[in-house]
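Q: Hi! Could you walk me through this structure, starting with the terms you use?

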Amino acid sequence: MTINAYGSKSENAVKAAQNEINELDKLLSVQNKDSEIYKLNYKKSMTVSKDTHSLITRSKELYTLTDGAFDISCEPVSREWGFYSGLENKVPSKEAIENALEGVGADHIKTEDNTVTLDENTSLDLGAVAKGYASQKATEILKENGVTSALMSLGGNVRAVGTKPDGELWSVAVADPNDTSKSIGTLKISDKAVVTSGSYQRYFEENGQIYHHIIDTKTGYPANSGLKSVTVVSDDDTLADALSTALFVKGLEKSKELYSKNSLLFGAVFITDDNKIYVTDNLNDSFISTQSYEVIDK
Amino acid sequence: MKKSSTSTRNSDKQNDIIGSDLYDCSQTVSYKVKNRIWIIVFSVLAVLCLGAWLFISNISSPSKIVEIYQNGSLVEKIDLNSVTNEREITLSGEHGTNIILISNGHIKMKSADCPDKLCVKHGELKNSYSPIVCLPNKVVIKFENSSDGVDAKAGAVR
């Protein structure tokens with residue numbers, strides 16, 4: 001995690017923001033045995049903190065918005081694939097995947113006043129949205145503390161607060177999925193979250209086949225939608241985080257449909273398996289690249 | 001009179017100690033060795049610092065194309081090598097005006113109405129690592145290729 005903030009009050013603001021991120025990580029991590037999510041997955045019903053409650057509620061809304069492409073109940077499937085620390089990556093049997101899929105879907109998650117209840121076979125993993133939520137909360141804290149210019153980087157998620165101190169836009173590069181030390185272009189932004197989901201971020205190889213970590217919960221297999229990466233730009237960090245996963249799962253054509261209905265909420269840059277770049281038209285002015293790209297109209 | 005006698009006594013004492021005591025003598029030798037080590041350490045550090053300073057101050061942009069920005073938008077783009085006559089550019093901002101002086105191969109902030117005048121104190125633009133910035137008036141002077149500078153990268157987790 002890096003936070004660069006500018007201004008006289010920035011030092012305390014950054015400390016407060018870092019604290020908030022660490023607290024949320026403790027609360028929302030699926031791997032930390034003391035986290036609320038870990039306990040909830042074990043107990044299946046419990047009273048949770050405001051943050052956990054509001055993020056689970058929001059995740060259910062995002063599940064609906066993305067027709068289930070974003071799904072926090074993917075934990076049992078990801079577990080079968082060994083995408084948690086201490087587990088070994090393996091291709092699960094068809095039967096194991098079918099069993100794991102039984103508890104998958106937002107309808108297996110019930111939220112009441114302060115309580116969350118999961119069905120027996122359901123477990124949650126907020127990994128695809130927790131970083132976004134954390135950077136959103138951290139951004140609020142920075143702004144409350146008078147910071148008007150800051151740039152945050154949270155494990156590949158980037159968040160710009162305001163512009164650079166000199167009034168210029170921030171330059172956020174989009175990693176080249178084929179070589180992350182390079183980039184395929186730069187986004188000129190202010191006050192936006194930029195989140196990328198890519199198959200290159202976590203994967204394993206078995207019998208010459210690559211299996212990445214972004215699971216399509218409709219099949220139980222790593223999403224095979226023809227995309228190498230999706231970068232989402234939005235005012236809303238949580239939305240950007242969830243959508244980067246959802247659009248990756250959906251693929252280019254279905255993502256275009258979602259975009260035409262929600263072009264006010266987000267913009268996106270897609271890189272396909274054949275290395276073509278597609279950019280939504282609301283980002284046309286912010287995206288700079290030496291490579292050619294196609295613009296997606298609303 | 002009193003004063004001088006005291007000092008004489010003191011120096012006598014010192015001579016006695018150094019002259020008579022072998023133990024003290026050996027300590028002096030070890031001090032000398034230690035001093036020599038420190039001198040070497042500091043010389044090496046000094047040379048390294050000088051080297052680093054020379055290195056950084058000599059990194060100049062391969063092209064001498066300079067961009068002047070105000071409020072984030074490009075005001076002027078100049079190839080310093082093609083400047084024949086010295087000239088000034090005046091920019092007005094919230095805190096008065098900034099006067100930029102351009103001559104062949106050189107650019108600097110000549111004067112500014114801003115409170116801290118850091119931009120004037122910066123002197124000439126030398127390399128792409130330290131642009132001339134006037135925060136109050138939101139003026140930035142920098143070499144062209146440093147505008148490709150990326151602030152962060154999305155997606156690269158590790």
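A: Happy to! Buried means under 20% relative accessible area, exposed means over 50%, and partly exposed is in between (1.4 Å probe, protein chains only). Helices (H or I, at least four residues) and strands (E, at least two) are DSSP runs, numbered from the N terminus. This is a predicted model, where local features need pLDDT of at least 70 and side-chain atom pairs count only at pLDDT 80 or more, while totals for chains, interfaces and linings use all residues. Residues are numbered from 1 along each chain as its sequence is written, chains are lettered from A and ligands numbered from 1 in the order in which they are written, and side-chain values use heavy atoms, with hydrogens and water left out.

Q: Great. Which residues of helix α2 of chain A are buried?
A: In α2(A), residues 36-43, they are A:Glu36, A:Ile37, A:Leu40 and A:Asn41. They sit on the same side of α2(A), because they cover an arc of only 135 degrees around the axis. That arc is taken from the directions from the helix axis to the C-beta atoms.

Q: And what does the face turned away from that buried side carry?
A: The exposed residues A:Tyr42 and A:Lys43 are found there.

Q: What covers the buried residues of α2(A)?
A: The cover includes α1 (10-28), β2 (45-47), α3 (50-65), α4 (75-80) and β4 (115-118), which belong to chain A. Contact here means heavy atoms within 4.5 Å.

Q: How about α5 of chain A, which residues are buried there?
A: In α5(A), residues 94-101, A:Ala96, A:Ile97 and A:Ala100 are buried. They line one face of the helix, because they fall within an arc of 100 degrees when seen down the axis of α5(A). A:Lys94, A:Glu95 and A:Glu98 are exposed on the other side.

Q: What do the buried ones pack against?
A: Their packing partners are α4 and β13 (221-222) of chain A. As background, an α-helix has 3.6 residues a turn, so residues three or four places apart point the same way.

Q: Switching to strands: how many residues of β14 in chain A are buried?
A: Eight of the eight residues of β14(A), residues 227-234, are buried, so the strand is largely enclosed by the rest of the structure.

Q: Which strands pair with it?
A: Strand β9 (residues 193-198) of chain A pairs with β14(A) in the antiparallel sense over six bridges, with A:Thr196 standing opposite A:Thr231. Strand β15 (residues 267-272) of chain A also pairs with β14(A) in the antiparallel sense over six bridges, and there A:Leu227 stands opposite A:Thr272. Two strands count as paired if DSSP finds at least two bridges between them.

Q: Where does A:Ser263 lie?
A: It is in the loop between α8 (252-261) and β15 of chain A. A:Ser263 counts as buried, at 14% relative accessibility. Leaving aside neighbours within four places in sequence, A:Ser263 is in contact with A:Asn282 and A:Lys298.

Q: On to charges. How many salt bridges are there over all chains?
A: The count is 19. A salt bridge is a side-chain nitrogen of Lys or Arg within 4 Å of a carboxyl oxygen of Asp or Glu.

Q: Which salt bridge crosses between chains, say the one with B:Asp151?
A: B:Asp151 bridges to A:Lys164, with the closest N and O atoms 3.4 Å apart. The pair runs from the loop between β7 (139-143) and β8 (152-154) of chain B to the loop between β6 (157-161) and β7 (170-176) of chain A. B:Asp151 is partly exposed at 29% relative accessible area, whereas A:Lys164 is buried at 17%.

Q: And what about A:Lys143, which residue does its side chain meet?
A: It meets A:Asp191 in a salt bridge (3.2 Å, N to O). A:Lys143 lies in helix α6 (residues 130-144) of chain A and A:Asp191 in the loop between β8 (179-189) and β9 of chain A, so the pair ties together parts that are 48 residues apart in sequence. A:Lys143 is partly exposed, with a relative accessible area of 43%, and A:Asp191 is partly exposed at 30%.
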